[in-house]
Amino acid sequence: MSGELEIIDCHNHVLRTADHSCDLYSNLLRFSAAMGLPDKPGFHGTPDEAGRVMDATGITHMNILMFTWSGVYWRQGQNILPDDPAERAREAENLRRRIVRRIQDNNTWALEQAAGSPRLSCFVGVDPVLMDEETLLAEVENGVRRGALGVKHVPMNHGTEGDDPRMWPVFDYCASAGIPLLTQAAGFMPGRPARYAKALGEFPGLKLVFAHLGHDRAFGQGADAEVLELARAYPGVHTDVSLRLIEVADGHVGADAMAAHLRAIGTDRVLFGSNWVISEYLWLRARPGATPDSSHERLDREIEVLKALPLTDDELADVAARNFRRLTGLLP
């Protein structure tokens, strides 16, 4: 690659505070000393740390996917609701409203971070189970008005799939407004890419980004193959490489095989993403007892893989940054 490669991380999870980080670590990921892991993370993924990571890695820009694990809060809250049916219904509604407010507050925080730094942008998060249609659309519209570049959807968190009718108003809005929606994808939990085919057919203008290349345990198969098939059928389908370049770094997937898969999808449809800081926590699980030297050890390896992929200079520049700029309208 001649010259300096611009890298935009389209997929990361900057966290508000150390407490927010610890909640993700122990409550969402359920990591603990019983698993041979530290009881608390040694780094927290806050905006200050994100700035240091960008300085250290050469990443130009980070896009915050504002993810509130609202489904976890909702399921946990069921355990403390009153027994009396009338009281239970009343308190369940109070709990729902409180969680929705947490989603809104987190989105507001992410929008403020993006407004305060040219190195940050954000996609606002939604929950189609706990938010009604009016609230969903108001949150997306408010986010876009305040500078959000897109929407983040997490089927794993909600226990939904891509054909859930409660997402239809969001798909319709995003397609009409030209706003991309990035969804968590997986072949082994909610988030099957194939379940989005109905929405892609009904909303031809929908710009849909599948995270993790589809995220199948067998590279190129299952959910990965579903993303490839959808990309061939629908021009608005994109994907990101978060959680997948480490497979090349670890020797599980060859660099040639990865490059061939990206080309089959279309290197004009693939975005670089890391899933930082969650990805660094997940790497701890793969190396029990390891003590990281920094909060970007895995990210360092992923960037090395990105730069070494057997792609042309133009293809690499597209994946590293240009596709994200084209998709979202982010200006240089």
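User: How should I read the numbering and the values?

Analyst: Residues are numbered from 1 along each chain as its sequence is written. In this predicted model local features need pLDDT of at least 70, side-chain atom pairs count only at pLDDT 80 or more, totals for chains, interfaces and linings use all residues, and side-chain values use heavy atoms, with hydrogens and water left out.

User: Why is strand S3 called largely enclosed?

Analyst: Buried means under 20% relative accessible area (1.4 Å probe, protein chains only). In S3 (residues 120-125), 6 of the 6 residues are buried, so the rest of the structure largely encloses this strand. A strand here is a DSSP run of E with at least two residues.

User: What makes both faces of S3 covered?

Analyst: In a regular strand, side chains alternate between the two faces of the sheet. Leu-120, Cys-122 and Val-124 are buried on one side, and Ser-121, Phe-123 and Gly-125 are buried on the other.

User: How do you know that S2 and S3 pair?

Analyst: Pairing takes at least two bridges found by DSSP. S2 (residues 61-65) and S3 run parallel and are joined by 4 bridges, so they meet that rule. Asn-63, for one, has Ser-121 as its bridge partner in S3.

Note on methods. Buried means under 20% relative accessible area, exposed over 50%, partly exposed in between (1.4 Å probe, protein chains only).
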